[in-house]
There are 2 protein chains.
Amino acid sequence: MKTKYSLLIVISLATMLTSMAQLKPFTLDDLIPGGKNYRAMQPATMANTWWGNRLIRLESTKCSILNPGNRWATLTEQQDVKDAMSAAGLNAKDCPSLATARFPDASHSEMVLQNAKCLLIYDWKLKRLAHYVTFKTEASWHDYSAAAGAVAYNRGNNLYIAKTNHAGNDEEALQVSTDGSHDIVYGQSVHRNEFGISKGTFWSPDGKRLCFYRMDQSMVPDYPLVDIGHRIAEPQPIKYPMAGTASHKVSIGIFNMRSKETVWLETGDNTNQYYCGITWSPDSRKIYLYNLNRDQNHARLIQFDASTGRQEKVIMEERHAKYVEPQHGLTFLPWDDDKFIYWSQQSGYDNLYLYSLKQGRAIRNLTSGHKGGVVLDLLGFNPAQRSVIISTTWAAPLQHNLFSVRVDDGQATPLDGGQGVHSGKLSADGSQIIDSWTSPDVPRKVDLVQTATGKRVTLLENYGQWKGHAIPEITCGTLKAADGKTNLFYRMVKPVNFDANKKYPAIVYVYGGPHTRLVNASWGYGYRGWEIYMAQLGYVMFILDGRGSSERGLEFENVTFRQLGTEEMRDQMRGVEFLKSLPYVDGTRLGVHGWSFGGFMTTDLMLTYPEVFKAGVAGGPVIDWSLYEVMYGERYMDTPQTNPEGYHDNNLCLRAGNLKGRLLIVFGYNDPVCVPQHTLSFLRACADAGTHPDLFTYPGAEHNMAGHDRVHLYEHITRYFEDHLK
Amino acid sequence: MKTKYSLLIVISLATMLTSMAQLKPFTLDDLIPGGKNYRAMQPATMANTWWGNRLIRLESTKCSILNPGNRWATLTEQQDVKDAMSAAGLNAKDCPSLATARFPDASHSEMVLQNAKCLLIYDWKLKRLAHYVTFKTEASWHDYSAAAGAVAYNRGNNLYIAKTNHAGNDEEALQVSTDGSHDIVYGQSVHRNEFGISKGTFWSPDGKRLCFYRMDQSMVPDYPLVDIGHRIAEPQPIKYPMAGTASHKVSIGIFNMRSKETVWLETGDNTNQYYCGITWSPDSRKIYLYNLNRDQNHARLIQFDASTGRQEKVIMEERHAKYVEPQHGLTFLPWDDDKFIYWSQQSGYDNLYLYSLKQGRAIRNLTSGHKGGVVLDLLGFNPAQRSVIISTTWAAPLQHNLFSVRVDDGQATPLDGGQGVHSGKLSADGSQIIDSWTSPDVPRKVDLVQTATGKRVTLLENYGQWKGHAIPEITCGTLKAADGKTNLFYRMVKPVNFDANKKYPAIVYVYGGPHTRLVNASWGYGYRGWEIYMAQLGYVMFILDGRGSSERGLEFENVTFRQLGTEEMRDQMRGVEFLKSLPYVDGTRLGVHGWSFGGFMTTDLMLTYPEVFKAGVAGGPVIDWSLYEVMYGERYMDTPQTNPEGYHDNNLCLRAGNLKGRLLIVFGYNDPVCVPQHTLSFLRACADAGTHPDLFTYPGAEHNMAGHDRVHLYEHITRYFEDHLK
């Protein structure tokens, strides 16, 4: 991994400041999401979408269109939509925000606006509602298909479809299912959003059929959350399948809009099976999906007939001794219905492969030749160039860069300057990308890029409101992992007014689990606001992405298999050794903080290295993997029955007696992810073992604190370190 | 109140020590109930009971009898009982402890032993089981009647009666009720143990009928407690009627042992009615009870015919503008079935009155002439002397002393030395009392007293294992209440190795609510072990019983009516002023701690006097009286509907923003008394208001921490003060 990060690189945020006079401190309200000044302080980005190949800028009360010469012109104001609603007899107060407007049809001046109360198809040229549907009861989401002229939605765990090619309410909506209940759920995301699943309905391209999930969770026990926001507290039971216990069963239905009948995919026995990556064939006649076994070590890509539900063939299979994790559906080539792109880590890294249905085989790895880098996103295609536009870590392990890859030979062309973290949206014909990016010293830029040439023009450049504040130095560097060979990246934030002759307390902020990384090549190396705040108070902040974290390939991640926590801690301790080697770090005043998996790591580190850490704050921690859910937990830990040692060794209740430093645990009282039983079991174990963690909880909060609670949380955490580490 | 406590009295526990050499500190395990050494350290008392007029000493594995010459002789060993069980084919492992043996019949050598598995009638002379019944399912309690030859018990919320005059199991038990459920409960205590109620079955003296409660709580919502002691946490719903909401309805049945039929007392509509003080007439033909309205300001003593359930007459009524609180049933004179003694506070203090049924009126106040003192207990009678034996505060407000009162003229004779706190049990003919007592410098004595003469002999004298420890000075004194006239008593514990020239932090320990007092004339003025511990650590501990607390009469208590917390805090602040006036108290380092009502007071004091208290620990606090239950809460606060100002003014959520000092709240996660919604609502309010209490909870614990959790609790509390007050 011979990257430019192998040496310590220092990029100070202060470089953008012109004057150091009259510097003022940040408040947590400036720095923490949910804070009163947070939005104003942050570098603004630009919400946008495409209307065919025309770029649209989205604001809550206005849509603008980018005209030639890169000049913005107002397309419509929200007041116009409200007037149109009033004219149609609707309540203008229910008008959706324009910030989420969509423009599905490049040939019409129609935008789709929706919220829980209505779905509007608004013609901004005629300034009137072309169609609309209002919902008698608020639905949590809608899945609209322009081709179908209909919107699917879920209410009371049943699935409905309302026509949108008329003007009226949803009184005459089709009710696709009738037995929806707490136990049976239709048309919602399943498998707890693992395996890349984020929704439960999938329209066919021609709009004639709707594919949907049905989840039978009657065999899954309720976890008894409690809602105190009533005169008398009320039970708030949630279905929560814990590792090793009965899991829900999922079926996939295909509703035919003409016959009004549902056929079910013939998946076979759906006990202990996962279904993901649902993809329609371009001709709307086939359904593809991955069927993964509960052990998550064997995935089959299967083709079904959409009209009969019949299973036609297994396209391919993938096995792995640890786990396979299909997270993406198929992407058919726009110019060739026979070929699709699929994702696989079979090479050890996320790559894209081209598959031919006629040939019945993978034709080539489109993204080979970039060892050690991974594909992160598939933005779409430029059919004129027969290229696919993707985002990868190829340029450098901390970066996300955009590339155009020729499908015919895999030749890749960079589309950005090879710096920073880019994310883009492709225009309809793939000729342009709107690229929102950042790099260690660039807070935010939004560029319009020509995919054929890579030529770009900056539409927005934003530094936020940091000017006039005292900003600490943020550095990035590498360390060797505990295996002695893997490079790991860290971020360090030094105290404001740093004095190398002083000794500072230091806090490790940690996550450590899969699917996340904390250090990247975005502004300030991906700093979090709290780090800036603590640097103001005189702490050295240190963040290291150890093995087990994301974007570094399969082996980097799966080294933790069946022993979550163990290798991750070894790597964090390499970071601690480094910290202790620094002359300006007071090795007797080390703290640690993390949330969720990072709360688990924090607690585990406090118990495993009681002489090292003086104070820690664990948020929403996993304490015992047998209390975590089956989909995520069993992927990495197998089951308590098949991996008793792993569950035992990493069950923190069993080591509660080791606690020596000060450990604050904070959890959301209504956390449906790491249910309160984790923290409560640990408290019970500590009381029994005679050790003394501290505690806080936010009633009404879920896995993360939202809104101003988040500011309160970081006040609380800060106070804890000030009490016990300063 | 011209008492000997009007001057500061100093009694050091150290006076009992002969040497100050090699003093060692106490541990919390020495001082806190549930601690590993607690029992060994405490002055032992002596469990005992009467077999007619013979005193029996009870230990878990042995019963002894006091022979002439005051020599103990072994009556039976538990092994004998086990052998008898084995001989009868029972499992000796199920043998009950002998510590709770009863000796109902002075004419037979039979003791009654029972636990959840069996009830044994064991003949210690014949060394065999005379009768027994074993229970196929464990029952939580049994109510045995020797006269009935039967035991009543509750299982699955239904009421059963098993015969005990045979040898066998309870297969053929009578099932008195069949619709017992979570909603309908038979034979258990009702009205949440208020109004002196502690059980739900009442045998007639002749054993031919069983009176029992039936409680319909179907209209009472469940409070959703959660039990985490399972593989997956489980709901643990409890019926909890909150102030101002629907309350349960109670009926009283009389089961006839011969006809096997139940008649119901004709109480009229039982909506919003309380029934207490259930008393059988000596001839078993009548039932008396108090019927109190929900507003608790009107009690009626009513007579029912036990065979028909018909209401015969209202014996008397009592009203009060604030509340009346009947807590005692009637006590008929053993020598005159026409007359009973009843309790009343109508004079402003608890007095006993003699009532004649024939005359239909109260004949006299038996305990008048002792202004300012209250009757605490009625032990029984000495029929030969026509006297009633009672316990009172007549000798001094901090004391409990025993008196013999002549029923014919009310003349009282003291039965103890006029010191300390006494409690006694009367022998069958009332000629002897076994008196277990303590005074500020007497840890424990157990004396046998002749009620005719007051002559006493000491059977046990015990100092515990305090010798060799460093013991702080404990003092007692009086202060004026905030009303400027009422004397209040305090206890103060000074730091070990006290140095009057130093400045010490001070902690107020507070309860403050009705039905409790903390300062009395028992050993060390009723010190709590934690006070000794904190004195070791260098804290001044201060405890003041303000107005609103018990044993000082009605007006002293009910001054708090409809504004619980307000007057109580004013009195506590008088204590704080006194503390701050002491040269050796550091007025900038004041703390406060209390549990339950004391947790409410602690939180209230922290919010109301944020500049005064630097740190506090509130345990199981009431936060909002509308979340407390109807029986206790509405007595003092009326309902949220009728007293909105009182509920508003004393709702601590509404003042969460005032918090400035450090406040730790601790609660039992399964607290069925002050349900977790109190603390959780407060946390929510603090998060919203931007203030920062601290938190701890004990999963599985109820309103108070039991067993070793209690030691852990006081370690935790101590640490908090050491962190933030030292």
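Two residues are in contact if their C-beta atoms, placed from the backbone, lie within 7 Å. This is a predicted model: local features need pLDDT of at least 70, side-chain atom pairs count only at pLDDT 80 or more, and totals for chains, interfaces and linings use all residues. Residues are numbered from 1 along each chain as its sequence is written, while chains are lettered from A and ligands numbered from 1 in the order in which they are written.

**View 1. Gln273(B) and its contacts.** Leaving aside neighbours within four places in sequence, Gln273(B) is in contact with Thr267(B), Asn291(B), Asn293(B) and Arg294(B). Gln273(B) belongs to strand β21 (residues 273-280) of chain B. Helices (H or I, at least four residues) and strands (E, at least two) are DSSP runs, numbered from the N terminus. A residue is buried if 20 or more other C-beta atoms lie within 10 Å of its own, exposed if 12 or fewer, and partly exposed in between; these C-beta atoms are placed from the backbone. Gln273(B) has 16 such atoms within 10 Å, so it is partly exposed. Val585(B) lies 312 residues from Gln273(B) in sequence and 51 Å from it in space, C-alpha to C-alpha.

**View 2. Two loop residues with positive phi.** His191(A) is not a glycine, yet its phi is positive, about 50 degrees. His191(A) sits in the loop between β14 (184-186) and β15 (201-203) of chain A. With 23 other C-beta atoms within 10 Å, His191(A) is buried. Gln296(B), also not a glycine, has a positive phi near 60 degrees. Its loop runs between β22 (286-293) and β23 (298-305) of chain B. Gln296(B) is buried, with 22 other C-beta atoms within 10 Å.

**View 3. Helix α8 of chain A.** This helix spans residues 630-637, and eight of its eight residues are buried. Among them are Val630(A), Tyr632(A), Glu634(A) and Arg635(A). The buried residues of α8(A) pack against α9 (644-649) of chain A. Just after α8(A), Asp638(A) has a positive phi of about 50 degrees.

**View 4. The largest nonpolar core.** A nonpolar core is a set of buried Ala, Val, Leu, Ile, Met, Phe, Trp, Tyr and Cys residues joined through C-beta atoms within 7 Å. The largest one has 208 residues. Which members touch the most others? They are Met541(A), Phe542(A), Met541(B) and Phe542(B). Beyond its neighbours within four places in sequence, Met541(A) has contacts that include Met492(A), Ile507(A), Tyr509(A) and Glu531(A).

**View 5. Helix α11 of chain A.** The 16 residues of α11(A), 709-724, reach 22 Å from first C-alpha to last. That is close to the 22 Å expected at 1.5 Å a residue, where the expected span is 1.5 Å times one less than the number of residues. Buried residues here include Arg710(A), His712(A), Tyr714(A) and Phe721(A).

**View 6. Chains A and B together.** The contact takes 32 residues from chain B and 32 from chain A. Elements of chain B that each supply at least two residues include α10 (677-689), β44 (694-698) and α11 (709-724).
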